[in-house]
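Please open the model in a viewer and keep the selection panel at hand.

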Amino acid sequence: MDSYDAVVVGGSVAGCTAARMLASAGARVALVERSPDPDHYKTVCTHYIQPSATPTIERLGLAPLIEERGAVHNSIEVWSPYTGWIRPFSEAPYGYNITRRMLDPMLRKLAADTPGVDYMPGQTVVGLRGNGRVSGVEIEDGSRGRCSLDARLVVAADGRDSRMAELAGVPGRVRPHRRFFYWAYWSGIEPGNTRSRMWFMEPDCAYTFPNEDGLTLVLAGPHENRLPEFRADLEGAYSRYIAALPGAPDLSGAKRESKLLGKLKLPNVMRPAAARGMAFVGDAALASDPLWGVGCGWAFQSAEWLADCVGAALGSGADLDSGLRSYRKVHRRRLGLHHFLIADLSTARKANPFERRMYEAAAQDPVAFAAFEAVGARRRSPLTMLSPRVLAHVLRPQKVR
Ligand SMILES: Cc1cc2nc3c(=O)[nH]c(=O)nc-3n(C[C@H](O)[C@H](O)[C@H](O)COP(=O)(O)OP(=O)(O)OC[C@H]3O[C@@H](n4cnc5c(N)ncnc54)[C@H](O)[C@@H]3O)c2cc1C
């Protein structure tokens, strides 16, 4: 049995970030990843990374690497039935559009090359050690050989359907999600645009995200009532759906470069970010509706908050509990309200009167737009919309369209 300061389970966005940052704080870290392939990447993701995560990406040393590969500085225009297009009035802090095919291997290499990190590919965590408090993991390799890793801290970074949470008996709170997603990658879309677009219709949604490889991801996010139509004729339903969008992208001269990818069930799940002496980061802690492109950003950020809360204690051998309590609180304070509102919108309900005013104001008033953008980019709390200055602009009469 090997002994570490921390065992991080899952070598994707959250796990690689946590491993690198904990090791940089002086901890000896095992990074355990089920896939044996260091170039493995997540295919079920549309990889719009919110600006809220850019400082973390820079701190990791990842920003220059993805910039070199052409990662797109993202910004977005949003279409609502109350306003038509809501377009940026000025430049705002950017996030990144970068395919997971490019991102995941680069981030994994960065983590694996960090002094203090032992990267263990092809190892699946199948059990937890400890009585009450988790003190290590049981791992299994591809030929079913088993061994144990002992650790002062176990970090679950194993994604949306976290097996670690199940093993630890830490259930998540599930909120329903009433849309499903199909998407594909295209070249030659007109009008060519480096800006991302989102159609937030009621109840259907869609988005187009340009990427570093010159391909644009085009996603249909219909209400669940339309599932039979897509089941009956997937190709036809997808094409008709995109063609019917207001200001639809012109696909007539474009080429589809991938098959249609889909995800039908996307429940919103949140669990305490620390419990039983272990920590949860990324989707293992919080899996929100992907429509708002928050998952990767929050995976980077939650791993950073964890490292900031426990890194020093982990490296020095001091008690971890107060750091874990702080991490749990920070996670809840920073993401709880965002998640609650995202989950509420994922029921595909109609906008309430305040939200309509907010869309109308964001389309016409730079101050209202700046607040709308900062909340949507997850750089600011949703409470920003209720600050007296912003509220005055949102409630001011707007021109009738
Ligand atoms: C349809 C869809 C679209 C999305 N679009 C976006 C978007 O545009 N922007 C955005 O920011 N987010 C998006 N997301 C969310 C984003 O993909 C996730 O939030 C992000 O991948 C979470 O990263 P993670 O590291 O927490 O987990 P994951 O990326 O899921 O990684 C988990 C890792 O753990 C490993 N693992 C699992 N179990 C074990 C085990 N027992 N032992 C060892 N290893 C294990 C897996 O192999 C995997 O490598 C989307 C999600 C979906 C479903």
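**Aromatic pairs**

The count of aromatic pairs comes to 13, where rings of Phe, Tyr and Trp (its six-membered ring) pair if their centres lie within 6.5 Å, and planes under 30 degrees apart count as stacked, over 60 as edge-to-face and the rest as tilted. This is a predicted model, in which local features need pLDDT of at least 70 and side-chain atom pairs count only at pLDDT 80 or more, whereas totals for chains, interfaces and linings use all residues. Residues are numbered from 1 along each chain as its sequence is written, and side-chain values use heavy atoms, with hydrogens and water left out.

Select tryptophan 85 and tryptophan 199 to begin. Their rings form an edge-to-face pair, 5.2 Å centre to centre with 70 degrees between the planes. Tryptophan 85 belongs to strand S6 (residues 84–86) and tryptophan 199 to strand S14 (residues 196–200), so the pair ties together parts that are 114 residues apart in sequence. Helices (H or I, at least four residues) and strands (E, at least two) are DSSP runs, numbered from the N terminus. Both tryptophan 85 and tryptophan 199 are buried; buried means under 20% relative accessible area, exposed over 50%, and partly exposed in between (1.4 Å probe, protein chains only).

Next, select tyrosine 182 and phenylalanine 230. This pair is stacked, because the ring centres are 6.0 Å apart and the planes stand at 5 degrees. Tyrosine 182 is part of strand S13 (residues 181–187) and phenylalanine 230 is part of helix H6 (residues 227–232), so the contact ties together parts that are 48 residues apart in sequence. Tyrosine 182 and phenylalanine 230 are both buried.

To view an aromatic cluster, select Tyr82, Phe89, Tyr359, Phe369 and Phe372, which form one.

**Charges over rings**

Select arginine 28 together with tyrosine 4: the charged end of arginine 28 sits over the ring of tyrosine 4, 4.3 Å from its centre. A charge sits over a ring if NZ of Lys or CZ of Arg is within 6 Å of the ring centre and within 35 degrees of the ring normal. Then select arginine 271, which lies over the face of phenylalanine 280 at 5.9 Å from the ring centre.

**The ligand and its shell**

Now centre the view on the ligand. Which residues come nearest to the ligand? Of the 35 residues around it, these are Ser12, Glu33, Thr46, Asp283 and Cys296, a residue being near if one of its heavy atoms lies within 4 Å of the molecule.

Helix H1 (13–24), strand S2 (29–33), strand S9 (123–129), S13 and helix H8 (295–316) each supply at least two residues of this shell. The largest share, 4 residues, comes from H8.

Select valine 125, where a backbone N or O atom lies 3.0 Å from a nitrogen atom of the ligand. At aspartate 283, an N or O atom in the side chain is 2.6 Å from an oxygen atom of the ligand. At cysteine 296, a polar backbone atom is 2.7 Å from an oxygen atom of the ligand. Taken alone the ligand exposes 1000 Å², and the protein buries 95% of that; these areas come from the Shrake-Rupley method with a 1.4 Å probe, and for residues only the protein chains shown count as cover.

**Cysteines**

How many disulfides does a search of the whole structure find? The search finds 0, a disulfide being a pair of cysteine sulfur atoms within 2.5 Å. Select cysteine 16, for which the nearest cysteine sulfur, that of cysteine 296, is 12 Å away. Cysteine 16 is buried, with a relative accessible area of 1%.

**Backbone stops**

Select glutamate 202 and proline 203, which are joined by a cis peptide bond with omega of about 10 degrees. Proline 203 lies in the loop between S14 and strand S15 (205–210).

Move to histidine 47, which has a positive phi of about 45 degrees although it is not a glycine. Histidine 47 is found in the loop between S2 and strand S3 (48–49) and is buried, with a relative accessible area of 3%.

Finish at arginine 276, a residue other than glycine whose phi is positive, near 55 degrees. Arginine 276 occupies the loop between strand S20 (274–275) and strand S21 (278–280) and is partly exposed, at a relative accessible area of 33%.

Methods: A polar contact is a pair of N or O atoms within 3.5 Å; within protein, one must be able to donate a hydrogen and the other to accept it, and residues adjacent in sequence count only if both atoms are side-chain atoms.
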